[in-house]
Amino acid sequence: TTMKNTTPAHVKNASTKQLLELWELTESMERSPELPVVRGWLMDELEARDPEGFDRWMDCDDPNADPKDFIKH
């Protein structure tokens with residue numbers, strides 16, 4: 001299994017609030033090859049927990065929209 005396809009247990013076991021806080025941290029992190037993978041894990045888990053809120057976030061026209069404004073936590 002490749003790293004990209006396996007969301008780590010500590011991401012799956014985090015609270016939604018913690019996931020949103022982690023997402024916020026990634027906003028200011030230096031770009032790296034790992035960053036999109038980590039953000040993908042967070043997005044996958046947030047989408048699994050609140051598909052409707054996730055879709056509203058993705059459909060929002062503001063590229064700087066905060067997922068906390070859309071996803072239930």
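This is a predicted model: local features need pLDDT of at least 70, side-chain atom pairs count only at pLDDT 80 or more; totals for chains, interfaces and linings use all residues.

Biologist: How are helices and their axes defined, and at what angle do α2 and α3 pack?

Modeller: Helices (H or I, at least four residues) and strands (E, at least two) are DSSP runs, numbered from the N terminus. Axes are lines fitted to C-alpha atoms, for helices over the stretch in contact, and angles run from 0 to 180 degrees between N-to-C directions. Here, helix α2 (residues 16-27) packs against helix α3 (residues 35-49) at about 150 degrees, and their axes are 10 Å apart. That angle makes α2 roughly antiparallel to α3. The classes are roughly parallel under 35 degrees, roughly antiparallel over 145, roughly perpendicular from 65 to 115, and oblique for the rest.

Biologist: In which hand does α2 cross α3, and which residues make the contact?

Modeller: A crossing is left-handed if the near helix is turned anticlockwise from the far one by less than a right angle, and right-handed if clockwise. The crossing of α2 and α3 is left-handed. Contact means heavy atoms within 4.5 Å. On the α2 side the contact is made by Thr16, Leu19, Leu20, Leu22, Trp23, Thr26 and Glu27, and α3 contributes Leu35, Val38, Arg39, Leu42, Met43, Glu45, Leu46 and Arg49. These residues divide into nine nonpolar, two polar and four charged. In this scheme Ala, Val, Leu, Ile, Met, Phe, Trp, Tyr, Cys and Pro are nonpolar, Asp, Glu, Lys and Arg are charged, and the others, Gly among them, are polar.

Biologist: How do α3 and α4 pack?

Modeller: The angle between α3 and α4 is about 125 degrees, with the axes 5 Å apart. The two helices are therefore oblique to each other. Met43, Leu46, Glu47, Ala48 and Arg49 of α3 meet Pro51, Phe54, Asp55, Trp57 and Met58 of α4. By class, the contact of α3 with α4 holds seven nonpolar, no polar and three charged residues.

Biologist: Is Thr26 buried or exposed?

Modeller: Buried means under 20% relative accessible area, exposed over 50%, and partly exposed in between (1.4 Å probe, protein chains only). Thr26, a residue of helix α2, is buried at 3% relative accessibility. Leaving aside residues up to four places away in sequence, Thr26 touches Arg31, Leu35, Val38, Arg39 and Leu42.

Biologist: Where does His10 lie, and how accessible is His10?

Modeller: His10 belongs to helix α1 and is exposed, with a relative accessibility of 60%. The C-alpha atoms of His10 and Ala48 are separated by 15 Å, the two residues being 38 apart along the chain.

Biologist: How many salt bridges does a search of the whole structure find?

Modeller: A salt bridge is a side-chain nitrogen of Lys or Arg within 4 Å of a carboxyl oxygen of Asp or Glu. The search finds six. In one of them, Lys12 pairs with Glu45, the closest N and O atoms lying 3.7 Å apart. This pair links distant parts of the chain, with Lys12 in helix α1 (residues 9-12) and Glu45 in helix α3, 33 residues apart. Lys12 is partly exposed at 45%, whereas Glu45 is buried at 11%. Not counting residues up to four places away in sequence, Glu45 touches Val11, Lys12 and Leu19.

Biologist: Which residues are joined with Glu45 into one network?

Modeller: Glu45 also forms a salt bridge with Arg49, at 3.1 Å from N to O. Being four residues apart in helix α3, these two are separated by about one helical turn. Arg49 is partly exposed, with a relative accessible area of 30%. Salt bridges that share partners join Lys12, Glu45 and Arg49 into one network.

Biologist: What does the salt bridge of Glu24 and Lys68 tie together?

Modeller: The side chains of Glu24 and Lys68 meet at 2.4 Å, N to O. Glu24 lies in helix α2 and Lys68 in the segment after α4 (51-59), so the pair ties together parts 44 residues apart in sequence. Glu24 is partly exposed at 42%, and Lys68 is partly exposed at 30%.

Definitions and conventions:
Residues are numbered from 1 along each chain as its sequence is written. Side-chain values use heavy atoms; hydrogens and water are left out.
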